[in-house]
Amino acid sequence: MISTKGRYAIRLIMDLAEQDGSSPTKLESIAERQGISKKYLESIVKILVAGGLVKGTSGKGGGYFLTRVPEEYTIYEILRLTEGSLHTVSCLSSGAPLCPRKDVCKTLPMWKEFDEMVRKYFSHKTIKDLI
């Protein structure tokens with residue numbers, strides 16, 4: 001399941017993409033337009049800045065910019081950054097303990113196939129597609 005953090009990160013980036021980009025966009029403005037608390041957006045934007053998807057400027061005229069054009073942002077990269085693992089089952093997550101049933105699990109191929117479908121789907125959807 002994709003959390004509000006991932007969904008709101010997509011909305012935040014979409015909101016920035018819809019601005020003219022000539023000046024930084026204040027987080028308060030995004031919060032108001034999107035109906036999301038500024039405090040929650042602050043925690044999300046920190047992740048996006050650390051991941052290089054968004055750039056912040058401080059000071060009186062400060063705010064946020066996109067670091068790339070909207071068509072270069074895939075939904076998959078945003079969700080991976082904010083959600084961590086997008087795997088359906090924990091045994092497919094990197095760093096997960098080795099499952100003792102791995103060699104006999106009849107459902108594992110299905111979960112792998114599903115995860116691959118999700119990865120491909122979100123990798124081909126961009127912010128530009130959504131706006």
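Student: Which residue takes a positive phi just after H4?
Tutor: This is a predicted model in which local features need pLDDT of at least 70 and side-chain atom pairs count only at pLDDT 80 or more, while totals for chains, interfaces and linings use all residues. Residues are numbered from 1 along each chain as its sequence is written, and side-chain values use heavy atoms, with hydrogens and water left out. Helices (H or I, at least four residues) and strands (E, at least two) are DSSP runs numbered from the N terminus. With a phi of about 80° just after H4, the residue is glycine 84.

Student: Within what arc do the buried residues of H4 fall?
Tutor: Buried means under 20% relative accessible area, exposed over 50% and partly exposed in between (1.4 Å probe, protein chains only). In helix H4 (residues 75-83), the buried residues are Ile75, Tyr76, Ile78, Leu79 and Thr82. They line one face of the helix, because the directions from the helix axis to the C-beta atoms, seen down the axis of H4, fall within an arc of 165°.

Student: Which helices are included in what covers the buried residues of H4?
Tutor: Contact here means heavy atoms within 4.5 Å. The cover includes H1, H3, helix H5 (108-123) and helix H6 (127-130).

Student: How many aromatic pairs are there?
Tutor: Rings of Phe, Tyr and Trp (its six-membered ring) pair if their centres lie within 6.5 Å; planes under 30 degrees apart count as stacked, over 60 as edge-to-face and the rest as tilted. By this rule the number of aromatic pairs is two.

Student: Why is the pair of tyrosine 8 and tyrosine 40 classed as it is, and how many residues apart are the two?
Tutor: Their ring centres are 5.6 Å apart and their planes stand at 75°, so the pair is edge-to-face. Tyrosine 8 is buried at 19% relative accessible area, whereas tyrosine 40 is partly exposed at 28%. The pair links distant parts of the chain, tyrosine 8 in helix H1 (residues 4-18) and tyrosine 40 in helix H3 (residues 38-50), at a separation of 32 residues.

Student: Which residue forms an aromatic pair with tyrosine 121?
Tutor: The pair is edge-to-face, with 5.3 Å centre to centre and 70° between the planes.

Student: Is aspartate 15 buried or exposed, and with which residue does aspartate 15 form a salt bridge?
Tutor: Aspartate 15 counts as buried, at 2% relative accessibility. A salt bridge is a side-chain nitrogen of Lys or Arg within 4 Å of a carboxyl oxygen of Asp or Glu, and here the closest N and O atoms are 2.6 Å apart. Aspartate 15 lies in helix H1 and its partner in helix H2 (residues 27-34), so the pair ties together parts 18 residues apart in sequence. That partner is arginine 33.

Student: Which residues are linked with Lys38 in a network of salt bridges?
Tutor: Lysine 38 forms a salt bridge with glutamate 28, with 3.1 Å between the closest N and O atoms. Since lysine 38 lies in helix H3 and glutamate 28 in helix H2, this pair ties together parts 10 residues apart in sequence. The residues linked with Lys38 in the network are Glu28 and Glu42.

Student: Over the face of which residue does arginine 68 lie?
Tutor: Arginine 68 is partly exposed, with a relative accessible area of 27%, and forms a salt bridge with glutamate 77, the closest N and O atoms being 2.3 Å apart. A charge sits over a ring if NZ of Lys or CZ of Arg is within 6 Å of the ring centre and within 35 degrees of the ring normal. Arginine 68, at 4.4 Å from the ring centre, lies over the face of tyrosine 73.
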